[in-house]
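I opened the file to look up a few local features and record them here. My entries follow in the order in which I checked them.

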Amino acid sequence: MDMPKNLFKQRLREGRWQVGLFVGLAHPVSMEILAGTGFDWLVIDAEHTPNNPASVMMQLQAAAPYPVQLLVRPTSHDATLIKQYLDAGAQTLLVPLVDDAAQARDLVRAVRYPPEGIRGVAASLSRAARWTGIKDYVKHANDEVCLVVQVETRAGLENLDAILAVAGVDAVFIGPADLAASLGHLGDSAHAEVRAAIDAALIRIAASGKAAGIFVTEPELARHYRSLGASFIAVGGDTTVLRNAAVKLAASFRSDRAISGVAS
């Protein structure tokens with residue numbers, strides 16, 4: 001069995017445009033539905049949802065037959081938890097709240113086998129290695145792992161150049177909501193100070209030669225960010241898509257009833 005290629009990482013290096021979605025419903029059926037909808041990548045969110053290594057692995061399995069690339073966002077920087085997600089089969093991690101170069105260096109070590117890192121070796125227990133079904137998995141895993149760090153605080157912005165200088169960080173993803181809160185504008189990602197900080201950060205990331213990403217829900221703003229150098233974006237979340245579609249559907253039929261005089 002051949003080592004799976006990390007196409008998300010390859011496309012980052014090529015500067016190809018990639019559109020993704022956050023997935024938080026924590027169920028393999030919803031994951032499989034989304035895996036066939038045309039997104040380039042989906043990120044299983046374990047930071048703000050009840051996901052855990054077992055539920056993440058089931059979702060990775062559900063999406064495996066589809067061409068979409070899967071990322072995992074862990075709860076924290078904990079190296080033990082990161083090891084479990086990698087062993088479950090995640091090849092790309094989107095790690096939240098990276099504020100300085102020391103944290104970035106620790107994360108690089110957490111996702112790599114020795115001597116470059118500290119990831120524990122247990123191929124016989126690992127879905128990532130297909131339980132030793134992938135020949136020489138441990139020799140090739142470091143090449144296919146992809147580390148995306150989230151910069152989403154004032155401290156992260158202040159230390160952005162140092163974070164970008166860390167070898168092994170493949171990309172930086174800007175989190176507008178947390179960044180707005182950190183800059184004193186909780187709930188207002190569109191504030192002029194926040195927008196200016198985002199613009200400047202994307203330009204600096206792209207200039208460094210590393211991939212720049214961001215969460216954005218407005219097509220026009222996405223085009224603007226792309227012009228500044230962003231190459232991958234998340235455009236929403238599964239829970240929001242579900243709720244918005246359900247609210248719209250319910251409202252449309254209630255409106256029809258009101259027009260026709262049918263009691264609700």
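This is a predicted model: local features need pLDDT of at least 70, side-chain atom pairs count only at pLDDT 80 or more; totals for chains, interfaces and linings use all residues.

I then followed α4, which covers residues 79-88. The buried residues I listed in this helix are L81, I82, Y85, L86, D87 and A88. Next I asked what covers them; the elements include α3 (53-63), β3 (69-73), β4 (92-95), α5 and α6. Just after α4, I recorded a positive phi of about 120 degrees at G89.

I looked up how α2 (residues 28-35) meets α3, and the two axes come within 8 Å and cross at roughly 35 degrees. I noted the crossing of α2 past α3 as right-handed. From α2, the contact is made by P28, M31, E32 and A35; from α3, M58, Q59, A62 and A63 take part.

I located R112 in the loop between α5 (101-110) and α6 (137-144). Is R112 buried or exposed? I found R112 buried, yet without a salt bridge. The nearest side chain of opposite charge belongs to D170 and is 5.2 Å away, whereas a salt bridge would need the charged atoms within 4 Å. Setting aside neighbours within four places in sequence, I listed the contacts of R112 as G117, I118, R119, N142, V145 and G168.

Key
Residues are numbered from 1 along each chain as its sequence is written. Side-chain values use heavy atoms; hydrogens and water are left out. Helices (H or I, at least four residues) and strands (E, at least two) are DSSP runs, numbered from the N terminus. Buried means under 20% relative accessible area, exposed over 50%, partly exposed in between (1.4 Å probe, protein chains only). Lys and Arg count as positive and Asp and Glu as negative; His and the chain ends are not counted. Contact means heavy atoms within 4.5 Å. Axes are lines fitted to C-alpha atoms, for helices over the stretch in contact, and angles run from 0 to 180 degrees between N-to-C directions. A crossing is left-handed if the near helix is turned anticlockwise from the far one by less than a right angle, and right-handed if clockwise.
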